[in-house]
Amino acid sequence: MYGTKIGFFSKIQKGNKNIIKNLKNMAWDIFHIHNTINNLSIQTNKIIDITIPLFVTYDKRLKDILPIYKLKAAAFIKNSSQKWLKYVTNIIDPIIQNKYFVLQAYENRLNRMKENNVDEKSLLALANSYIESYEQKFL
């Protein structure tokens with residue numbers, strides 16, 4: 001259903017000399033969509049039960065993937081950042097989703113980072129070093 005039929009993914013082709021740059025830009029775009037959805041449960045004011053953030057873009061390729069993030073339902077725990085989101089389209093395998101994309105898995109990753117004295121900044125630096133190594137080796 002998805003893949004090269006959607007313009008957003010059209011730059012990811014074998015032989016593309018700018019594939020890492022394109023992937024970084026795509027990841028940034030996807031982050032913005034994901035972050036907008038995650039901000040649904042942010043309460044900026046004690047009298048507000050829910051905030052409905054908006055995502056606006058003129059990027060035609062980015063608009064192609066927005067239906068993937070269409071929400072079917074959402075549930076929130078009041079005075080908490082905990083939420084349950086049900087998407088119309090679920091492109092993540094349920095086994096992977098239940099293993100890595102649940103609140104408990106996220107908390108476990110944070111705890112392992114704390115136990116190993118790893119902060120987000122050093123983790124990002126390590127990931128960037130892997131990417132740079134790949135770029136030098138293969139591009």
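**Note on the predicted single-chain model**

1. The protein chain has 5 helices and 2 strands, where helices (H or I, at least four residues) and strands (E, at least two) are DSSP runs, numbered from the N terminus. Read from the N terminus on, the elements follow the order α-α-β-β-α-α-α. This is a predicted model, in which local features need pLDDT of at least 70 and side-chain atom pairs count only at pLDDT 80 or more, while totals for chains, interfaces and linings use all residues. Residues are numbered from 1 along each chain as its sequence is written, and side-chain values use heavy atoms, with hydrogens and water left out.

2. On the chain as a whole, buried residues make up 15% of the 139 residues, with buried meaning under 20% relative accessible area, exposed over 50% and partly exposed in between (1.4 Å probe, protein chains only). Among the contacts with a separation of 6 or more, 43% come from residues 24 or more positions apart, a contact being heavy atoms within 4.5 Å.

3. Helix α1 covers residues 19-38, and its 20 residues should span 28 Å at 1.5 Å a residue, which agrees with the 28 Å between its end C-alpha atoms; the expected span is 1.5 Å times one less than the number of residues. The buried residues of α1 are I19, I20, N22, M26, D29, I33, T36 and I37.

4. The largest nonpolar core has 11 residues, namely I6, F8, M26, I33, I37, L40, L62, I65, I68, Y69 and L85; such a core is a set of buried Ala, Val, Leu, Ile, Met, Phe, Trp, Tyr and Cys residues joined through side-chain atoms within 4.5 Å. Helices α1 and α2 (60-65) each supply at least two residues of this core, and α1 gives the most to it, with 3 residues. In soluble globular proteins, nonpolar side chains tend to be buried together.

5. Once neighbours within four places in sequence are left aside, F8 is in contact with M26, D29, I30, R61, L62, D64 and I65. L40, for its part, is found in the loop between α1 and α2 and counts as buried at 11% relative accessibility, and its C-alpha atom is separated by 9.0 Å from that of A74, 34 residues apart along the chain.

6. About 1500 Å³ of space lies in the largest pocket. Pockets are found on a 1 Å grid over the protein atoms alone, with a 1.4 Å probe, as open sets of points with protein on both sides within 12 Å along at least five of seven lines, and lining residues have an atom within 4 Å of a point; grid points are joined across faces, edges and corners, and a volume is the space filled by probe spheres set on the points. The lining of the largest pocket comprises 30 residues, of which H34, N38, L85, Y87 and F101 lie nearest its centre. Each of α1, β2 (83-87), α3 (94-100) and α4 supplies at least two residues of this lining. By class, it has 16 nonpolar, 11 polar and 3 charged residues, where Ala, Val, Leu, Ile, Met, Phe, Trp, Tyr, Cys and Pro count as nonpolar, Asp, Glu, Lys and Arg as charged, and the others, Gly among them, as polar.

7. The second largest pocket holds about 420 Å³ of space, and its lining consists of Y106, R109, L110, M113, E120, L123, L124, A127, N128 and I131. The elements that give two or more residues to this lining are α4 and α5 (120-138), and α5 gives the most, with 6 residues. These lining residues divide into 7 nonpolar, 1 polar and 2 charged.

8. Helix α4 (residues 103-115) has 13 residues and reaches 18 Å from its first C-alpha to its last, close to the 18 Å expected. M113 lies in this helix and touches V118, D119, E120 and L123, not counting residues up to four places away in sequence. The C-alpha atoms of M113 and L123, 10 residues apart along the chain, are separated by 9.1 Å.

9. N117 lies in the loop between α4 and α5, and has a positive phi of about 50° although it is not a glycine. At 73% relative accessibility, N117 counts as exposed.

10. Q97 has its place in helix α3 and is partly exposed, with a relative accessible area of 23%. Not counting residues up to four places away in sequence, Q97 touches N90, I92 and V102.
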